[in-house]
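Subject: Structure handover

Hello,

Here is the structure I promised to pass on. Please open it alongside this note. My findings follow below.

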Amino acid sequence: MDFAFITEHEMVQKTVRDFAEKEIRPVIGEYDREHKYPHFLLPKMAELGVMGICIPVRYGGAGMDYISLGIVSEALEWADASVRETIAVHLALNAMTVFQWGTEEQKQRLLAPLATGAKVGCFGLTESGAGSDVAALKATARKDGDDYILDGEKMWITLADVADYLLVFAKTDPAKKHRGITAFMLERGMAGLSTGAIEDKMGVWASNTGWIAMNAVRVPARNRIGEEGEGFKVAMSALDNARYTVAAGASGGIRAVMEASLRYSQERETFGKKIAEHQLVQQMLAKMALNYDIATLLWQRVGWLKNQGVRNTRETSQAKWFATEAAWEAASDAVQIHGAYGFSAEYGVERYLRNAKGAAIYEGTTQIHQLLQATYALGWRRDKPLRCELPAYDPEYWQE
Ligand SMILES: Cc1cc2nc3c(=O)[nH]c(=O)nc-3n(C[C@H](O)[C@H](O)[C@H](O)COP(=O)(O)OP(=O)(O)OC[C@H]3O[C@@H](n4cnc5c(N)ncnc54)[C@H](O)[C@@H]3O)c2cc1C
């Protein structure tokens, strides 16, 4: 067993951590306060290869492995969860889904511009009446010649206003419930398609979160991702990829608030000593350090499984559940350690607390992951092979 990163991972980590420190950290607080999406980061992330980090070079990606995707997510969320969300949604939920389920023609036409960052993707599964209960979604897709006509709405969609390609899920056969769901790639500009932003969120203020409205949107059959009725499986496999980025990202959030807390606790004095010398403060610092390591080990195990081409739904769910709750606790303790200054925006730790709550809700709430883990532990759940599994990482193929 070898826990060390290989040289390529070290390079990716150094490059993206430098980028996060120099390009994101200095400005993200302002974007957050002003509830503005940092559009200027997209071409910069594209230039770094981050927008398609784990997609093969032949499809416009950087040709790196799945562990690199985790490294990128960790480094970006150290700066802000909103920026990591861009990777989770654009790459893990949208581009990787085309890579996993798309035809060769779709990979050339849709994946390549996504992987280079020329186009941005989003993922529309949730509706106002259907979140955890995906099968309750009401959007419909009706076949009309070589096209489908889509009607319905999507809610809480990250990058809804930013994306060029919108991967949405609609029922082609409502009577079949989750077996009647199909995935479609909508393109900005299609008649009947509109999007808007949701304001007044608790966190991720620098992210674009919005809605999608589909009013008789005509989508050619060549934009159907997977077969009719396969949409639920497509969505769940996409979540296996995105939950991984959320888990790794949450580790980066823990690292950020831990660093701030270590610094502050060795500066601030009460009762004649540094607050770091008070054992109750040390307890909070120790918990952050422990949880950072556990969260890191959990996401890295998932990255390793993905590289081997081994199904990882259980391990990904564990990593996501643990890391997002640990990030929430760490951010809350960081605010506590900073006292009143933690409660103000001055030290930035309150931003991590606000952002951390979102991650315990999206990509499966904590309760949904607890239920899932119980069914695995009880032996009631077994993952069946998918028609299209995420391919194992093969450096020769990826970099050719
Ligand atoms: C910032 C943000 C970004 C998002 N981005 C996207 C996106 O890009 N694309 C997208 O499709 N969606 C997105 N979402 C939506 C997100 O995936 C849903 O909010 C999430 O799945 C939960 O659904 P819900 O909000 O409808 O809550 P509900 O499903 O209504 O749940 C409400 C509460 O009930 C609990 N609950 C529900 N069912 C059970 C059960 N069986 N047992 C025990 N407890 C249960 C939940 O855990 C929760 O506490 C985003 C959400 C947020 C907050």
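I start with the core. The largest nonpolar core has 119 residues. L76, L150, F169 and L186 have the most contacts inside this core. Helix α6 (residues 231–265) supplies the largest share of the core, with 15 residues. Please keep in mind that this is a predicted model. As background, nonpolar side chains in soluble globular proteins tend to be buried together.

Residues up to four places away in sequence are not counted here.

Next, T86. This residue lies in helix α4 (residues 81–101). Is T86 buried or exposed? T86 is buried, because its relative accessible area is 1%, and buried means under 20%. Leaving aside neighbours within four places in sequence, T86 is in contact with Y37, L42, M45, L91 and L159.

H35 sits in the loop between α1 (7–33) and α2 (41–48). H35 counts as partly exposed because its relative accessibility is 35%, between the 20% and 50% limits. H35 and E199 are 164 residues apart in sequence. In space, their C-alpha atoms are 8.3 Å apart.

Now the cysteines. How many disulfides does a search of the whole structure find? The search finds zero. A disulfide needs the two sulfur atoms within 2.5 Å. Seen from C388, the closest cysteine sulfur is in C54, again at 17 Å. C54 counts as buried, at 1% relative accessibility. C388 also counts as buried, at 15%.

On to the cavities. The count comes to three cavities of 30 Å³ or more.

- Largest cavity: about 120 Å³ of space lies in it. Its lining includes Q100, S237, D240, N241, K306 and R311. G309, V310, N312, L386, E389 and L390 also line the largest cavity. α6 gives the most to this lining, with three residues. By class, the lining divides into three nonpolar, five polar and four charged residues.
- Second largest cavity: about 70 Å³ of space lies in it. It is lined by E77, A81, G253, I254, V257, A327, A331, Y352, N355 and A356. α6, α8 (313–337) and α10 (349–359) each supply at least two of the lining residues. This lining has seven nonpolar, two polar and one charged residues.

Last, the second largest pocket. Its volume is about 450 Å³. The lining has 15 residues. D2, F3, I67, Q300 and W304 lie nearest the centre of the pocket. Helix α7 (residues 279–308) gives the most to the lining, with six residues. By class, the pocket lining has eight nonpolar, four polar and three charged residues.

Best wishes

Definitions and conventions:
Residues are numbered from 1 along each chain as its sequence is written. This is a predicted model: local features need pLDDT of at least 70, side-chain atom pairs count only at pLDDT 80 or more; totals for chains, interfaces and linings use all residues. Side-chain values use heavy atoms; hydrogens and water are left out. Helices (H or I, at least four residues) and strands (E, at least two) are DSSP runs, numbered from the N terminus. Buried means under 20% relative accessible area, exposed over 50%, partly exposed in between (1.4 Å probe, protein chains only). Contact means heavy atoms within 4.5 Å. A nonpolar core is a set of buried Ala, Val, Leu, Ile, Met, Phe, Trp, Tyr and Cys residues joined through side-chain atoms within 4.5 Å. On a 1 Å grid over the protein atoms alone, a cavity is a set of points where a 1.4 Å probe fits but cannot get out, and a pocket is an open set with protein on both sides within 12 Å along at least five of seven lines; lining residues have an atom within 4 Å of a point. Grid points are joined across faces, edges and corners, and a volume is the space filled by probe spheres set on the points. Ala, Val, Leu, Ile, Met, Phe, Trp, Tyr, Cys and Pro count as nonpolar, Asp, Glu, Lys and Arg as charged, and the others, Gly among them, as polar.
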